[in-house]
Amino acid sequence: MRSKAFGALAGAALLTTLTAGCGGGASADDSGTVTVTVGYQSRTINTVTAGTLLRSLGYFEDELRSRGERDGVTYEVKWQDYATGAPITAQMTAGKIDIGSMGDFPLLINAARGTQLNRPTRLVSVTGYNLAGGLNTVVTAPDSKLDSLAGLRGKKVSTSVGSAADGTLVRALQQAGLDPEKDIRKLNQQPAVGASALQAGSADALSQFVAWPGLLAFQGRAKALYDGAELNLPTFHGVTVRQDFAKKRSAVVEDFLRAQDRATEYLHEHPVAASESVAKATGLPAEVVHLYNGAQGIATFDTTLKPALIAALKKDVPVLRSAKLVGDVDVDAFVDDRYIKRVHGSGYAKAVAAGPPARRGGEVWLKGKDTTTAFATSAELLRYVAAHRAAVRTAYVPDASTGTLWFADRAVWVADGDALRPHVTASGARADVTAHPGARTVTYSTALSLARDAS
């Protein structure tokens, strides 16, 4: 069943890239109807509050309907779905998409292309972020002998050049003492193509953004080699608009951001329902969506333009410039917080200062339930799973070092006396064992048994 889901998702993602149509921009037709065209990435699931989830909830249409009734104008929203941010940028600079959402590296390319083509764009809000960088992951085949980034020397690594995942790969290789241009063979591939290449053995590793690493791990088709949170550098996705559109229809931009805020609130209040909704729309397993978007998920959803995220964006510019994907990018000019500030009003300062929720010991999703159960520690979670194993749909635990949430049965566990610590990667577990004499790595089944016996 997982294999069928993977094939369908990969094919749909590739088909979307090839066939997604062009919009007409926000202009009135002969009937007086104003069409607003929104480009989004349905399967890049930490953009859902500006795309997949927002579309399914109908909040943007609600906001525009109310505005139309006040102004005597009919608004129509045209949604266009893409696999990556690059085609959204192409359509925006052609004047055919008004509002788009994409990751931090594509956002910079969006800014650069807009300036270059005299079609400037502006970053107006954030969708999901992770302050440590955990939204991007490098994975290998389940039976791969690779156990660290150093082992990638001379290997073929698939990624989408210019994406946030590519940026993670470049930085991680540099930290590992490898030259990203000379020491590996980089394959520039769409996520679905790269996933297929990894499965076929024509790529040794895959560096990608949400939700591909989690999907492949969930399906047993990959294991994590490198957790992007090891960089400890924020990564995020955001909303960009064409400057000419924003000037002409600033109220519509604010309506979009107001709708995005509503979708964000819905996700916070109904995390399981939101995961199920996104899963239905995308074909992704709900368990994978929840890994990223759940209450303790890898992504934190907050529309505000936080200083830490903007600072990280500035650090991304040299990486893209060295790859000759952009020249200089004026990040301060690109970021335009006037619209989101007007939407939040006097509460913006408090909202922008708020950080991600405190990580706990993970959560368990039982079969047939529309809520999850949270735990203070991973050991408590293991004891609960051991006692209710047949009823467990899935269980999630945070990496003991980085905090990145992962599937409990895909984590690498370390037993240290009575302590049981999960890690996303084998290298993370090895570092834990080295730092704690007497500690050892154990299988998930053994971790469950140890937790049960200790109760």
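Strands here are DSSP runs of E with at least two residues, helices are runs of H or I with at least four, and both are numbered from the N terminus. Two strands count as paired if DSSP finds at least two bridges between them. The model is predicted: local features need pLDDT of at least 70, side-chain atom pairs count only at pLDDT 80 or more, and totals for chains, interfaces and linings use all residues. Residues are numbered from 1 along each chain as its sequence is written, and side-chain values use heavy atoms, with hydrogens and water left out.

- Angles run from 0 to 180 degrees between N-to-C directions, and axes are lines fitted to C-alpha atoms, for helices over the stretch in contact.
- Strand 16 (residues 412-416) runs antiparallel to strand 17, and five bridges join them.
- Asp416 has Ala419 of strand 17 as its bridge partner. Val414 has Arg421 of strand 17 as its bridge partner.
- Strand 16 and strand 17 form a hairpin, with two residues between them. In the turn, Gly417 has a positive phi of about 65°.
- Three bridges pair strand 16 with strand 18 in the antiparallel sense. Here Val414 stands opposite Thr441 of strand 18.
- Contact means heavy atoms within 4.5 Å.

- Another open sheet has four strands in the order 13-12-14-15, with antiparallel pairing.
- Its edge strands are strand 13 (373-374) and strand 15 (405-407), each pairing on one side only.
- Two bridges join strand 12 (residues 363-366) and strand 13 in the antiparallel sense. Val364 stands opposite Thr373 in strand 13.
- Helix 12 (residues 286-293) lies across strand 12, strand 14 (392-398) and strand 15. Helix 12 runs at about 25° to strand 14.

**Helix 3 and helix 10**

- Helix 3 (residues 59-71) packs against helix 10 (residues 250-269) at an angle of about 140°, and their axes are 8 Å apart.
- Helix 3 is therefore oblique to helix 10. Angles under 35 degrees count as roughly parallel, over 145 as roughly antiparallel, 65 to 115 as roughly perpendicular, and the rest as oblique.
- The crossing of helix 3 and helix 10 is right-handed. That term applies if the near helix is turned clockwise from the far one by less than a right angle, and left-handed if anticlockwise.
- Residues of helix 3 in the contact include Tyr59, Phe60 and Arg67, while those of helix 10 include Ala251, Phe256 and Tyr266.
- By class, this contact has nine nonpolar, no polar and six charged residues. Ala, Val, Leu, Ile, Met, Phe, Trp, Tyr, Cys and Pro count as nonpolar, Asp, Glu, Lys and Arg as charged, and the others, Gly among them, as polar.

**Helix 17 and helix 19**

- Helix 17 (residues 378-387) and helix 19 (residues 444-454) cross at roughly 95°, and their axes come within 8 Å.
- Helix 17 is therefore roughly perpendicular to helix 19.
- Ala379, Leu382, Arg383, Val385 and Ala386 of helix 17 meet Tyr444, Ala447, Leu448, Ala451 and Arg452 of helix 19.
- The residues of this contact divide into eight nonpolar, no polar and two charged.
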